[in-house]
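Please read the following report alongside the sequence and the model. It begins with a single loop residue and then moves to the strands, the core, the disulfide and the aromatic rings.

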Amino acid sequence: QVQLVESGGGLVQPGGSLRLTCVASGSSATLSVMGWYRQAPGKERELVAAITTAGSTNYADNVKGRFTVSRGTTKNTVVLQMSSLKPEDTAVYYCNAGAYSEFQQGVLWGKGTLVTVSS
């Protein structure tokens, strides 16, 4: 059974940076698409960014130029580098995998990691 485990969340001041990492275990195959979604209090879960093994990416408009998604150096790892963070980026960030393209939502989910942007 594939499990996704996120790490790297926490409290950061506006304008700061944070790096999230997701590692998928239990899969002998390479997960072709991995990405990040987030859910703020009272809001629906939304795409943040997704990436394929070939490097194709899809970003939400409100994070373009501030966030960078990349595949980690180890198999089935995805990293989200977040910069110029804003209070509205506060949310639980979920790792996602199993989609067939970077424009689709996969069926595999992590438990989430909380990112709080506040002074």
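Apart from its neighbours within four places in sequence, valine 63 is in contact (heavy atoms within 4.5 Å) with Arg38 and Val48. Valine 63 sits in the loop between strand 6 (57–59) and strand 7, where strands are DSSP runs of E with at least two residues, numbered from the N terminus. Because its relative accessibility is 0%, valine 63 counts as buried; buried means under 20% relative accessible area, exposed over 50% and partly exposed in between, with a 1.4 Å probe and protein chains only. Between the C-alpha atoms of valine 63 and aspartate 89, which are 26 residues apart along the chain, the separation is 8.8 Å.

The model is predicted, so local features need pLDDT of at least 70 and side-chain atom pairs count only at pLDDT 80 or more, while totals for chains, interfaces and linings use all residues. Residues are numbered from 1 along each chain as its sequence is written, and side-chain values use heavy atoms, with hydrogens and water left out.

An open sheet of four strands runs in the order 1-3-8-7 with antiparallel pairing, two strands being paired if DSSP finds at least two bridges between them. Its edge strands, each pairing on one side only, are strand 1 (3–7) and strand 7 (67–71). Within this sheet, strand 7 and strand 8 (residues 77–82) are joined over five bridges, and valine 69 stands opposite leucine 80 of strand 8.

Strand 4 is mostly covered, with six of its seven residues buried. Strand 4 pairs in the antiparallel sense with strand 5 over six bridges, and likewise in the antiparallel sense with strand 9 over six bridges. Tyrosine 37 stands opposite leucine 47 in strand 5, whereas glutamine 39 stands opposite valine 92 in strand 9. The hairpin of strand 4 and strand 5 has six residues between the two strands, and glycine 42 in the turn has a positive phi of about 75 degrees.

**Core and disulfide**

A disulfide (a pair of cysteine sulfur atoms within 2.5 Å) joins cysteine 22 to cysteine 95, with 2.0 Å from S to S. This pair links distant parts of the chain, cysteine 22 in strand 3 and cysteine 95 in strand 9, 73 residues apart. Both cysteine 22 and cysteine 95 are buried, and the torsion about their S-S bond is about -85 degrees, so the disulfide is left-handed.

**Aromatic rings**

The structure holds two aromatic pairs. Rings of Phe, Tyr and Trp (its six-membered ring) pair if their centres lie within 6.5 Å, and planes under 30 degrees apart count as stacked, over 60 as edge-to-face and the rest as tilted.

| Pair | Centre to centre | Angle between planes | Class |
|---|---|---|---|
| Tyrosine 37 and tryptophan 109 | 5.2 Å | 70 degrees | edge-to-face |
| Tyrosine 94 and tryptophan 109 | 6.4 Å | 90 degrees | edge-to-face |

Tyr37, Tyr94 and Trp109 form one aromatic cluster. Tyrosine 37 is buried at a relative accessible area of 7%, tyrosine 94 counts as buried at 14% relative accessibility, and tryptophan 109 is partly exposed at 28%.
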